[in-house]
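Reader: I would like a close look at one helix pair in this model. Please walk me through the packing, then the surroundings.

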Amino acid sequence: MIRFLLLTFRSSGKSNVSGDELVAKLEKSSNNWAKASLQVLHRVWSEQGALVHAQQEAQAMLSVGQLVDLQWKLGMSVSSDTCRSLNSPYVSLLLKVVEPSGQISQKCLEMTVPQFQNFHKQFKEVAAVMETV
Amino acid sequence: MANAEATKSLSGLLNGISQVVYHNNTEITEELLKNELYPELSQEEFKALHDKMKGLLKSIATADMDHAQLEAFLTAQTRKQGGGGVSAEQAAALSRFWKSQRVRVRESLLSQSRWEPSLRGLSWRVDLQTASSHGDADHSGPVALMELELGRAGQDSEFVCLEFDETKVNQVLKKMADIQESIDRIVHRT
């Protein structure tokens, strides 16, 4: 029972559902919920839900991942529906990151050539500092 | 005297249109522009002027016209018969506007076409790991902590925090050098 509640609260926090949404979801999944229980859950979540969500967000920010893989692509934006003549090269990076929890996530980012070169420069600075330390 | 006023109003109109179309300024409306710049015109007259200027501006921006293309385009527009053409003053105003705003408008168009998150910020620090509970020598040495701020236009940033040892940093640097090499090859070709 406790494990179920923990799991429910954790996933509700992650998706930032409201008290009403939570109760509706539970009712849909099973007919066995007593009205009184649902009311308690509703009240507890309405009071505490936001706090859980905020804590989870903070935790996500504090967790330090490791880069497992870096894939890159150099492309040229030729044209778009708002500009027929873009003619702009861009660098696209796909980062594969493993969290301390073991979960693997992918982050994709896109940058212009000057932005990439700045990124590259900062990385070189990091390497230089690491050498002297 | 009258000409200076007309020029100012037209510049204002072009700026206003640009703000709405290219810089997502939601505070500027057609009505606002009319009241501020052309109170003496009727609704229909203003709408015609506004739409014509907007159309011309969009044509110029979408083709990212350079100086020569712009002059040719505007000359053709001034030669147009009937109500579809532009006056010499209007052409001059458009030319002035594009010369000063081209870069900004282009940047805005580029960022509109970028749908993946971009790197909004990067901060880092290097720590020296002095001891580890595992006690193995492999893990001593400098460790870099990097916080990448990723975000799409108009959305909140996502912060990704990563840690690297020296080996990893060098691996990434190698890949970045490959990217730079590719960039140099393209630049050379164009």
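Author: Start with the crossing: α4(B) passes α5(B) in a right-handed crossing. α4(B) contributes B:H67, B:L70, B:E71, B:L74 and B:T78 to the contact. From α5(B) come B:A88, B:A91, B:L94, B:S95, B:W98 and B:K99. Contact means heavy atoms within 4.5 Å. These residues divide into six nonpolar, three polar and two charged. Here Ala, Val, Leu, Ile, Met, Phe, Trp, Tyr, Cys and Pro count as nonpolar, Asp, Glu, Lys and Arg as charged, and the others, Gly among them, as polar.

A word on the basis. This is a predicted model: local features need pLDDT of at least 70, side-chain atom pairs count only at pLDDT 80 or more, and totals for chains, interfaces and linings use all residues. Residues are numbered from 1 along each chain as its sequence is written, chains are lettered from A and ligands numbered from 1 in the order in which they are written, and side-chain values use heavy atoms, with hydrogens and water left out.

Now one residue of α4. B:Q77 sits in this helix, residues 67-79 of chain B. Helices are DSSP runs (H or I, at least four residues), numbered from the N terminus. B:Q77 is buried, at 10% relative accessible area. Buried means under 20% (1.4 Å probe, protein chains only). Beyond its neighbours within four places in sequence, B:Q77 is in contact with B:L56, B:G84, B:G85 and B:V86.

Last, the chain contact. It takes 47 residues from chain B and 45 residues from chain A.

Conventions. Helices (H or I, at least four residues) and strands (E, at least two) are DSSP runs, numbered from the N terminus. Buried means under 20% relative accessible area, exposed over 50%, partly exposed in between (1.4 Å probe, protein chains only). A crossing is left-handed if the near helix is turned anticlockwise from the far one by less than a right angle, and right-handed if clockwise.
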